[in-house]
Amino acid sequence: MKHNFGAGPCILPQEVFQKASQAVLNFNDTGLSILEISHRSKEFEGVIAETESLVRELLSVPLGYSILFLQGGASTQFAMAPMNLLPEGSKAAYLDTGTWASKAIKEAKRIGQVTVVASSNDANYTYVPKDYEIPTDAAYFHYTSNNTIFGTEIFETPASVVPIVSDMSSDILSRKIKVSDYGLIYAGAQKNMGPAGVTLVIVKDELLGKTGRTLPSIFDYQSHIAAGSMYNTPPVYSIFVSMLNLRWLKKKGGIDVIEQENIIKSRTLYDEIERNPLFKGTAITEDRSRMNVTFVTENKAHETAFLDLAKERELIGLKGHRSVGGFRASIYNALSITGVNALVDAMQEFEEKNT
Ligand SMILES: *Cc1c(COP(=O)(O)O)cnc(C)c1O
């Protein structure tokens, strides 16, 4: 059995793949494919309404927040967030914790003024900066909750008097969050919520319409809110598959249950990395991610050999990002403890062969 540790697009539950494939041939006994039904049809309206209500329920999204399903990925949100929340002449505060955070900063600078409150670039993003001050006159404070590439995660919402904007692409729905702590949350679906092609946006309504900037409608959250995520044709199939995945998560017991599983999975893997003399983790212990576990071999010459063994054991997608090297095991919601145990077994087998 293959175990997919890929960072994104990523593994989804088998039952989601099965139901998704059935619907391609015959959606809900309509005799039509999910790929051909109108996004304005009663059937699809049911899909988008259920997807939204599952997000609202699973994440306990309070009233006063809109939930949107957009296209363009998290990368489009790097620009849309400042377009919609950064008034002309104001500045936004950003925390730089890795590649995605830096890209968000770069895009925000094209829209307005940006203050970078702290960066861990000095140590190749192996930690999360803790000592920084958020200017009280900033329009908002932006941070990346999980650094997919460098394997660090921010579990506690930073204290901030200004609205918080968070890129949660790679840890959304993996642990409990308090949505009311945030002004805007966005996440590309392909790391934990569903397939590529849809981006989840949760935005506090009262923050919108205050920039003094006229936006192209497609980049304005308010046009999407007014149209119930149907300002233009939404990514019908990606939303449908996300709905199936959210149903799976709900049936499993929701965020509390998956969070416990994610704690156990990551602890199992980090314990082995610490115990096994051939490997070492790259992120500092207190900031280690539960979703993306980054590690290297003590002996550089072992790297290819371990990847070969992993391949033999059908452990897929373990090669680390080029900016970190070594390995990255992405252990998102759908990656089972069986998969983690198979990786740990391979690491132990590798130790026996090489010591
Ligand atoms: C993958 C990723 C992105 C980029 O997402 P796209 O949907 O490809 O634009 C942004 N932020 C984080 C944290 C990511 O993991």
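R247 is partly exposed, because its relative accessibility is 38%. By that scale, buried means under 20% relative accessible area, exposed means over 50%, and partly exposed is in between, with a 1.4 Å probe and protein chains only. The areas come from the Shrake-Rupley method with a 1.4 Å probe, and for residues only the protein chains shown count as cover.

A word on the source. This is a predicted model, where local features need pLDDT of at least 70, side-chain atom pairs count only at pLDDT 80 or more, and totals for chains, interfaces and linings use all residues. Residues are numbered from 1 along each chain as its sequence is written, and side-chain values use heavy atoms, with hydrogens and water left out.

Back to R247. Which residue meets the side chain of R247 in a salt bridge? E50 does, at 2.6 Å from N to O. A salt bridge here is a side-chain nitrogen of Lys or Arg within 4 Å of a carboxyl oxygen of Asp or Glu. E50 sits in helix 2 (residues 42–58) and R247 in helix 6, so this pair ties together parts that are 197 residues apart in sequence. Helices are DSSP runs of H or I with at least four residues, strands are runs of E with at least two, and both are numbered from the N terminus. E50 counts as partly exposed because its relative accessibility is 27%.

How many salt bridges are there in the whole structure? The search finds 24. Here are two others. K252 and E261 meet through their side chains in a salt bridge of 3.0 Å, N to O. K252 is partly exposed, with 29% relative accessible area. E261 is partly exposed too, at 29%.

Next, helix 9. K353 forms a salt bridge with E349, and their closest N and O atoms are 3.4 Å apart. Both residues lie in helix 9 (residues 337–354), four residues apart, about one turn of the helix. K353 is exposed, since its relative accessible area is 55%. E349 counts as partly exposed, at 23%. The pair belongs to a network: salt bridges that share partners join E312, R313, E349 and K353 into one.

Now the surface patches. K103, K106, R110 and R322 form a positive one. Patch residues have over 30% relative accessible area and no salt bridge; like charges are joined within 9 Å, and nonpolar side chains (Val, Leu, Ile, Met, Phe, Trp, Tyr) within 5 Å. Lys and Arg count as positive, Asp and Glu as negative, while His and the chain ends are not counted. The place of a charge is NZ of Lys, CZ of Arg, CG of Asp or CD of Glu. R322 lies in the loop between strand 13 (315–316) and strand 14 (327–330). Why does R322 count as exposed? Because its relative accessibility is 78%.

There is a nonpolar patch as well. I218, F219 and Y231 form it on the surface, with about 240 Å² of accessible area together. Y231 is in the loop between helix 5 (221–226) and helix 6 (236–252). With a relative accessible area of 38%, Y231 is partly exposed.

On to backbone geometry. The peptide bond from G8 to P9 is cis, with omega near -5°. P9 is in the loop between strand 1 (3–4) and helix 1 (14–25).

Then positive phi. Y125 has phi near 60°, a positive value in a residue other than glycine. Its loop runs between strand 4 (113–119) and strand 5 (141–144). Is Y125 buried or exposed? Buried, because its relative accessibility is 7%. E314 is not a glycine, yet has a positive phi of about 60°. E314 lies in the loop between helix 8 (302–312) and strand 13. At a relative accessible area of 31%, E314 is partly exposed.

Strand 5 holds H142. H142 counts as buried, at 1% relative accessibility. Which side chain does H142 join in a polar contact? That of Y186, at 2.7 Å. A polar contact is a pair of N or O atoms within 3.5 Å; within protein, one must be able to donate a hydrogen and the other to accept it, and residues adjacent in sequence count only if both atoms are side-chain atoms.

Last item, I172. The residue is in the loop between strand 8 (164–167) and strand 9 (184–188). I172 is buried, with a relative accessible area of 1%.
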